[in-house]
Amino acid sequence: MKNRTIKVDYLARVEGEGSLYLKTKNGAVVDAKLKIFEPPRFFEAFLRGRAFTEAPDITARICGICPVAYQMSAVHAMENALGITVDGQLRSLRRLLYCGEWIESHVLHIYLLHAPDFLGHQDAIRMAKEFPDVVKRGLRMKKLGNAIVTLVGGREIHPINVKVGGFYKLPSRAELGALTEELTWARDAARETITLTASLTFPEFDQDYEFVALRTDDARPEYPMNEGRIVSSKGLNISVAQYDQHFAEEHVEHSNALHSAIKERGSYFVGPLARFNLNRDRLPSAIDKAARAAGLTGKCTNPFKSIIVRAVETLYACEEALRIIREYEPPAKPAVATEPKAGTGYGCTEAPRGILYHRYMLDAKGIILDAKIVPPTSQNQKTIENDLRHFAEKHLHLNDEQLTWQCEQAVRNYDPCISCATHFLTLTREQV
Amino acid sequence: MKRTPTLAVWKFASCDGCQLSLLDCEAELLAVTERLTIANFVEASREVLKGPYDLSLVEGSITTAHDAERIHKIRRISKTLITIGACATAGGIQALRNFKDVKEFVSIVYSTPAYIETLSKSTPIANHVYVDFELHGCPINKNQLLEVVNAYLNGRKPNIPAYSVCVECKRRGIVCGLVAAGPPCLGPVTHAGCDALCPSYHRGCFGCYGPKETPNTGSLTSWWKQSGMKDDELLRLFRNFNAYADAFRKESESHEK
């Protein structure tokens, strides 16, 4: 049998710079790599010596797609170190901000980055010629997500209104209320998005993954965003502070992003599919029903179907945003007071792409002595490479062009954010 | 029929936020693509048309030897080259390495430093090739991006004022935080572009758009010192996303012991 190499030197429709490399010999895949050549930026190093108050603004710059996630993990880790809790309406506003980012990021991926693969287009702009109303709907939904982030956070990319303890300025009831009409439209559009994504054709590709996501206490049964314990489909159940005891990062030669693994078992899977499988019982029954109608009856173990799950989560984020806005009463103060103190703080929140872990050690003046940040894409890297290997092995009958495209699609299932992981993607298929 | 100009979008060390600003022009995106052919925009499309390109937008800073070569190739195949964002115009937040020993940075983040290829400094694009126009901001303002593209399409100079954030603040009628004893604000020395966003959210400007034309940073910091600010606080204030822009770099260095 022929030996082949599949190479994509610069993966398209993902955030950041990466490449894909696949080598087959006698009908077996001998090497599958997701290479990350995005240049390193050393955030964990230059956070040392900065004030605890600066972490949300600095870490936001790791990623232009999900800056809210970095801000949320940073403020929760700092508040953990300082021993303060942010609750009530301030907590709800943070959740609302996250809803905005989930909508903006998920819709970007569904409509502009992932759907063109399923519908056979090079990109959404060309797709818009065949399906103008679909692309326009996506752009309008994305705009609504950005409008939420802009109102609560100040601007859509690198928001300025988030601080340790809360916010600089609170929105009024009227300002939030002004979003209701468009959100109600977006909620219906999200239902249409679920129907659209469920109608796509998916390759058979169910795998035995260990899913990892946050899960909130039974006392606060909600779909996870900013807090909870870290749980997995294979029995892991730990507090955020225990993360380093159970997860390890490894530095491999072909990647400027560190690879994460569960120490006991190896690769794992974070993101919408993991959240959905581990927290399905926390979705309102109407949304669960919509997921069922879309064919998601039990656990979903086919990563190609993550596009449907993103649509389900988009619907959830719209409903949750509407609820928060309905129940909003401006609190007395925009933030809880913070006093610097020595200690270590841990934070983990659900970024659109999965759990994002931050750990900071502070001195008595609140200056950062040490920082650790583990983004979702570096946690998924091993699983992406496993998928590439298994998927390619089953599809070696395809010609190079088809196999390359489908392997790219297998990578895009994870909505990888390479800018994040480096602290992307290129497919190479090599003939030996 | 007249050919529509071709657009290429390039990425160097960055967070992707500035090129995302183009996709964030939700209402205008399809209109833009009617006047420009997207020829090379990897984040948005698999299809890459061959250069040369009429307009190149460049995001990110130069941090590797490979990228220092790549930018020259891009300049050669671009009729007009515009840099977008603080990374491309000033080196970005990753230019904080320029003040430290990068080897130490590598060893803090990576267990096997030998795998990492990086330059000791993160530098703006204009340090390497001729740049036709620089659009500032961390992130850029998408309306300004549309103005730059529009100006290009109509063969005129972009209308992007280089005055300070103070002008925007006054125009919006926001009470001056510096006068009203609010938090330290870099507004007087910072390039406009955000429409005085932070002051409108009751916080001081922290310099996302970099130095304005002719900034007098020394005067500002001497007032702050009189009101009790310490050198280490002043140093951190100027060492953010535009730390390696000349005026901010010199000011922060003057507070280094």
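**Backbone and sheet details**

Let me begin in chain B, where B:Ala196 sits in the loop that runs between helix H7 (165-172) and helix H8 (197-200), helices being DSSP runs of H or I with at least four residues and strands DSSP runs of E with at least two, numbered from the N terminus. This is a predicted model, in which local features need pLDDT of at least 70 and side-chain atom pairs count only at pLDDT 80 or more, while totals for chains, interfaces and linings use all residues. Residues are numbered from 1 along each chain as its sequence is written, chains are lettered from A and ligands numbered from 1 in the order in which they are written, and side-chain values use heavy atoms, with hydrogens and water left out.

Most residues other than glycine have a negative phi, and most peptide bonds are trans. B:Ala196, however, has a positive phi near 50 degrees, and with 0% relative accessibility it counts as buried (under 20% relative accessible area, with a 1.4 Å probe and protein chains only). In chain A, the phi of A:His158 is likewise positive, near 50 degrees, and that residue is buried at 1% relative accessibility.

As for cis peptide bonds, one leads from B:Gly51 to B:Pro52, with omega near 0 degrees, and another from B:Cys138 to B:Pro139, with omega near 5 degrees.

Finally, the sheet: chain A has an open one of three strands, ordered E11-E12-E13 with antiparallel pairing, where pairing requires at least two DSSP bridges between two strands. Strands E11 (343-351) and E13 (368-374) of chain A stand at the edges with a single partner strand each, so one side of each has no neighbour in the sheet.

How values were computed. Buried < 20%, exposed > 50% of the residue type's maximum accessible area, 1.4 Å probe, protein only.
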